[in-house]
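Open your viewer and get ready to click along. Each stop tells you what to select and what is there.

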Amino acid sequence: MASISGSFGFGGGSVPHKSQTFTKQLARDWRAVGVGAASAAGLVLALSGSKSGAIHQKNAAADIRDNVMEKLQGFPSHPLWRNSLIASLSLSNVEELVEPKTGVVFPASSPDGQQLTGVGLRKKSILGLKNITVYAYGVYADPDSLRTTLGDKCENLNTEEVKKAPALYDDVIEKDVGLTVRLVIVYGKLKIGSIRSAFEGSIGSGLKKFSGEENRELLESFTGAFTDDLKIPRGTTIDLTRLPGHVLQTKIDGREVGNVQSALLCRALFDLYLGDDAFDKPARETMGSNLTQLLCI
């Protein structure tokens, strides 16, 4: 088996088969009008927990879809307007969001109040022949921390201008904003050594990119948390959180395994998901729209 390198994802869960089938159908319908599949799937998940039968679920989902489409007709066709509208509807009105290609479920908010801004996938090529999905991930932000640190960006600009400004992503990555990347493992044959090697490569490159140096000691202070005794079956969650003071906390399935204070390390990590070369660029755009909504609300 070829080893897998890259960075890894968070939050486990699956959707019942019938719900998954309906989710895919609704996602296809929404793609036809230029709306993200993940947002549509999130709306469906909110309905899937209902005690009503499948017919009532479909009728309710159709009503939501029709209502949103009516709203879309009154807005300009610019992608930001569409993404912002759908994101605000889906993430503020559901408790969970489904990543549609994997069925992984992400809560819309964390226990400490951070808000989900979007979900994406980390894929890896094996021998250049096959792409596998290693993990799904969600990026969460603390609204209060975001506004306290970057709120002045909204004083003289509207939300569209803020979102378009390249500095938005850079500031969220670099400043002491409360962020969490939740990784959820979906590749069932992954070993802890592969995760360690993946972080060594991806975060190691980021450390060198931002500092011009290898920073081996700093890198090992982070990767050392992924010890050989840890098991990471499918569904394992890895939470990487920036706490106040640029402290990067690592949790695996809710258990804290590492804690490193370093602004450089935090920057190198979050650049993988929000930077110019993010693992999932469409997801990055959705996250940018929702970060803007949280910041300029």
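Which ring does the charged end of arginine 284 sit over? Select arginine 284 and tyrosine 169 together: the charged end of the arginine sits over the ring of tyrosine 169, 3.6 Å from its centre. Keep in mind as you click that this is a predicted model.

**Stop 1**

Now select helix α7 (residues 167–174) and helix α11 (residues 281–296). Their axes come within 11 Å and cross at roughly 80 degrees, which makes α7 roughly perpendicular to α11. On the α7 side, show Leu168, Tyr169 and Val172; on the α11 side, show Arg284, Glu285, Gly288, Leu291, Thr292 and Leu295. Colour that contact by class and you get five nonpolar, two polar and two charged residues.

**Stop 2: another helix on α11**

Show Pro143, Leu146, Arg147 and Leu150 from α5, which meet Leu291, Leu294 and Leu295 from α11. By class, the contact of α5 with α11 has six nonpolar residues, one charged residue and no polar ones. Leu291 and Leu295 are worth a label, as they turn up in the contact with α5 and again in the contact with α7.

**Stop 3: aromatic pairs**

Time for some rings. The count of aromatic pairs comes to six. Start with phenylalanine 199 and phenylalanine 222, an edge-to-face pair with 5.2 Å from centre to centre and 80 degrees between the planes. Phenylalanine 199 belongs to helix α8 (residues 192–211) and phenylalanine 222 to helix α9 (residues 216–223), so show both helices to see a pair that links parts of the chain 23 residues apart.

Next, select tyrosine 273 and phenylalanine 279. Their ring centres are 5.4 Å apart and their planes are at 85 degrees, so this pair is edge-to-face. Tyrosine 273 is buried, with a relative accessible area of 0%, whereas phenylalanine 279 is partly exposed, at 23%.

Then bring in arginine 122, which lies over the face of phenylalanine 279, at 3.9 Å from the ring centre.

**Stop 4: a histidine in a loop**

Where is histidine 246? Look in the loop between β6 (237–243) and β7 (247–252). At 17% relative accessibility, histidine 246 counts as buried, since the cut-off is under 20%. To see its surroundings, select Glu174, Lys175 and Asp176, then Val260, Gln261, Ser262, Ala263 and Cys266; histidine 246 touches each of these, leaving aside residues up to four places away in sequence.

**Last stop: zoom out**

Finish with a cartoon of everything. The protein has eleven helices and eight strands. Of its 297 residues, 49% are buried. Among contacts between residues at least 6 apart in sequence, 68% join residues at least 24 apart.

Definitions and conventions
Residues numbered from 1 in each chain as written. Predicted model: local features only at pLDDT ≥ 70, side-chain atom pairs only at ≥ 80, totals over all residues. Heavy atoms only, no water. Contact = heavy atoms within 4.5 Å. Helix = DSSP H or I, 4+ residues; strand = E, 2+ residues; numbered from the N terminus. Nonpolar A, V, L, I, M, F, W, Y, C, P; charged D, E, K, R; others polar. Axes fitted to C-alpha atoms, helices over the stretch in contact; angles between N-to-C directions. Parallel < 35°, antiparallel > 145°, perpendicular 65-115°, else oblique. Phe/Tyr/Trp six-rings, centres within 6.5 Å; stacked < 30°, edge-to-face > 60°. Buried < 20%, exposed > 50% of the residue type's maximum accessible area, 1.4 Å probe, protein only. Lys NZ or Arg CZ within 6 Å of the ring centre and 35° of its normal.
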